[in-house]
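Colleague: I have just opened this one and could use a guided tour. Could you take me through it slowly?

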Amino acid sequence: MLKRTLGERAIDGLNIAILIIIACLMLLPFIHILSVSFSSLQDVLQKDFILWPTNWASDAYLAIFASDSFIRSIFVTIYITVVGTAVSLILTATMAYGLTRKVLGQRVILLMVIFTILFNAGMIPIYLVVKETGLMNTLWALIIPSAISSFNLIVIRQFFLSIPNELSEAALIDGASEIRTFWSIIIPLSKPALATFGLFYAVGHWNKYFEGILYLNDAAKWPIQVVLRQIVIMNEATSTLGSDVMAQLENQPPPVTIQMAAILVATLPILLVYPFLQKHFAKGVMIGSVKG
Amino acid sequence: MNIRKSMMLWVVLILMFTAACSNSNGTATPKEGVDSGTNQPSDAKKPEETYKITGATYIFGNPPPKDGRGQKMLNEKFNVDYFAEKIPNDNFVEKITAMVAGGSMPDQISFRSTNMDLFNRWAEQNAFFPLNDYIEEFDYLKAIPDELWLPFTVNGKIYGIPTWSPVESQSFMVRKDWLDNLGLPVPTSYEELKKVAIAFTKDDPDQNNKQDTYGLAIGQDINPTFAMGPYWQHDTWYHQDAEGNYIPGLISEGRKELISFFHDLYKEKALTSDFAVVNWADTNNEFYSGKAGVFLIAPRGMSQDYMEALLAIDPKAEFVVLEPFAAPDGSQGFTAGAGFSRFLTLNAKLANQPDKVRKMLEIHEFSRQYYQASKVTPDNKDFDWFYGNEGVGYNLDENNVRVPINDPASGTEPFLYFIDSTAWIGPEDDAEYPHAYSEPKLIDATQQLVDINKKYKLYYPPHVGIISAKETEVGAELTQLLMNEQTKMITGNRPVSDWDAMVQEYMSRGGAKIIEEYNAEIKARGYTERLWK
């Protein structure tokens with residue numbers, strides 16, 4: 001190894017220092033949220049910025065975990081995320097694989113998929129479909145309408161196309177059916193892609209918000225994002241109209257400490273998924289970037 | 001190849017189109033009751049029919065689950081299958097639009113006062129049930145004063161039932177302990193308020209030898225207003241132009257005076273320095289952290305949590321509520337509140353079910369009973385039932401104030417499940433605002449505000465409930481424009497002398513039309529002289 005000059009090492013050191021500072025800056029908001037959630041309201045009001053709680057208080061967490069709706073909604077969201085991601089992955093992967101085969105109407109179906117990327121049906125037509133298919137007020141209304149993302153489907157299809165055709169031909173010669181080929185050859189080779197898109201889907205399902213409001217009329221089924229928003233967001237939009245000050249006052253959200261605790265509890269689970277998928281992730285995001 | 005591709009695209013397009021068309025045909029004949037998916041009881045043989053009553057309204061915070069104890073109690077008591085869906089406030093308009101457009105308009109909708117344009121649009125399309133014939137039948141409807149029916153009357157038909165909200169005005173509270181420390185009197189004019197605000201900034205009112213305090217807590221969109229009477233208030237119609245037409249407060253002479261008052265304070269750092277970007281929650285924090293010395297107080301809805309936090313920071317804090325200032329035109333008093341907050345409409349399809357309408361109104365009447373806190377006891381059966389029975393749903397504290405036992409999300413109390421559970425507080429009733437709190441200093445400040453409201457007449461503005469087509473179209477944009485320009489004037493980025501140019505811009509971009517449309521309606525209502533009572 002070449003011996004590096006002092007200057008080079010100094011530059012490296014500087015780079016590392018700057019990058020560490022930037023990385024720490026990224027952490028600041030999270031630490032702030034954590035600290036506020038563990039502080040007393042009095043401390044939060046008195047200080048301009050809290051980096052670390054001076055007096056540890058867990059009142060905010062006690063308040064959150066005492067609330068039925070919050071706990072209930074976390075379980076709802078976990079359910080939607082787990083089931084939804086599984087459904088999404090199965091449907092996306094099987095459809096993408098089907099679309100790599102030369103079958104009748106394959107191009108038409110592909111065109112229709114692309115069509116939905118360009119033209120969205122809009123809120124009311126989708127509402128009607130959900131209503132007429134009897135999904136209204138069931139958790140499936142949050143899973144099925146968004147089960148397949150057209151964009152993800154096309155990228156995964158592209159990934160499948162990059163797997164040499166010879167592999168499936170060899171499987172065919174060995175007597176494997178299409179399903180067996182898909183399951184034993186294609187899926188094991190596509191783990192990075194599936195992990196990546198699984199994560200995309202999981203985050204998407206975890207963040208389900210508007211669908212929850214639109215399709216569910218029982219608050220017991222609301223996902224965490226709806227409940228969280230009702231806790232955190234104050235009605236800012238009407239403040240310009242001024243005359244609504246009374247409504248604004250009457251609907252004061254809970255103190256900021258509880259808001260921060262709620263944000264943390266609602267974000268942490270999905271954040272914890274990332275490290276486990278990290279190793280696949282780096283490979284996965286480059287899918288389709290270079291075609292060989 | 002290209003031809004094949006474009007052919008295929010056409011086929012797809014046509015497919016989509018026909019699908020869309022058949023879809024909309026399907027909605028022309030909406031099927032009822034498909035949407036809710038509840039188990040509909042089929043006991044039509046009973047002497048009294050068990051009506052299925054659907055409803056939708058908005059909610060701040062989180063509602064109880066559908067199958068709570070309170071819901072069962074409600075259904076049993078009234079022999080109905082009642083459900084009022086509570087939609088998060090921020091997305092209320094989107095969802096209710098989807099429901100109505102999707103052919104599942106509920107039997108009753110309780111709108112927010114800010115949804116007047118939606119209400120008017122649907123009322124014009126005859127989506128609501130006219131209530132004119134039922135008003136004489138129900139005492140609670142008879143008790144509603146005529147002026148409150150006005151906003152809900154479209155082409156002579158009454159489509160909405162207003163829900164009570166206070167006419168009492170808000171005011172502003174000042175740190176009395178700071179005034180005393182500096183030997184200043186309670187301000188009675190903007191000149192004096194300016195002196196107080198500057199003294200709060202420069203003369204160390206909390207005597208901690210630090211320059212860490214200032215005057216007025218104010219946030220983005222120049223909120224709160226610090227209007228000490230309708231003369232200065234931006235969201236009311238008080239001033240008149242040369243032809244005698246009423247004009248919005250936002251472009252009035254009084255507002256101009258107020259903006260230059262803010263500008264003077266801004267120069268002295270006597271109001272929140274970065275107010276243009278401070279949201280409402282942070283504006284509250286400025287006052288309740290003991291930094292600012294003047295802030296809003298309203299007859300109800302003050303946050304006791306925040307007040308307690310302030311008193312923990314500064315136990316010596318005292319508050320005095322400001323009386324309205326005498327305006328240059330000789331008037332003195334505050335503006336009355338609109339008198340309604342939400343309002344209930346019924347579905348036009350109920351026209352052939354008068355008994356169901358009566359049932360719904362009966363339930364509505366029940367849920368609007370007023371139980372005066374200082375007088376009511378658990379012996380009052382309706383009260384006890386409404387709040388889920390003593391010991392199960394609530395307890396009474398030493399001041400006879402009801403304290404809920406459970407989180408609303410548990411759904412223990414029936415009142416949580418009504419579409420509208422705001423009591424109607426008539427003119428002869430005492431609303432007992434201070435009873436909402438247990439913190440003595442907050443009770444005292446609220447009592448001061450109530451007394452001030454009794455002492456002065458209230459101004460009843462002519463514009464309440466009027467909808468102007470032009471305003472629906474450009475009103476929000478113009479309001480934002482004026483707010484932005486006035487914010488610039490406060491910070492000195494634009495001179496206050498530009499006021500007339502700003503008003504001119506407002507006028508030319510649609511303001512003139514808005515004023516014209518409002519005044520046509522004001523004249524039609526017969527409102528000429530300003531009404532104080």
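Modeller: Lys356(B) counts as buried because its relative accessibility is 7%, where buried means under 20% relative accessible area, exposed over 50% and partly exposed in between, with a 1.4 Å probe and protein chains only. This is a predicted model, in which local features need pLDDT of at least 70 and side-chain atom pairs count only at pLDDT 80 or more, whereas totals for chains, interfaces and linings use all residues. Residues are numbered from 1 along each chain as its sequence is written, chains are lettered from A and ligands numbered from 1 in the order in which they are written, and side-chain values use heavy atoms, with hydrogens and water left out.

Colleague: Which helix is Lys356(B) found in?

Modeller: Lys356(B) belongs to helix H12 of chain B, residues 354–367; helices (H or I, at least four residues) and strands (E, at least two) are DSSP runs, numbered from the N terminus.

Colleague: And what does the side chain of Lys356(B) make a polar contact with?

Modeller: Its partner is the side chain of Asp107(B), at 2.9 Å. A polar contact is a pair of N or O atoms within 3.5 Å; within protein, one must be able to donate a hydrogen and the other to accept it, and residues adjacent in sequence count only if both atoms are side-chain atoms. Leaving aside neighbours within four places in sequence, Lys356(B) is in contact (heavy atoms within 4.5 Å) with Tyr51(B), Lys52(B), Ile53(B), Asp107(B) and Leu350(B).

Colleague: Changing topic, what domains does the assignment give for chain B?

Modeller: Domain 1 covers 51–166 + 339–431 and domain 2 covers 171–335 + 439–531, with bounds that come from an automatic or database domain assignment. Nine residues from domain 1 of chain B and six residues from domain 2 of chain B take part in the contact.

Colleague: What is the area buried between domain 1 of chain B and domain 2 of chain B?

Modeller: About 640 Å², of which carbon and sulfur atoms give 73%; buried area is the accessible area (1.4 Å probe) that two parts lose on being put together, summed over both. Of the area that domain 1 of chain B buries against domain 2 of chain B, Asp117(B), Leu150(B) and Pro166(B) supply 44%, more than any other three residues.

Colleague: Last one: how many helices and strands are in chain A?

Modeller: Chain A has 15 helices and zero strands, and buried residues make up 44% of its 292 residues.
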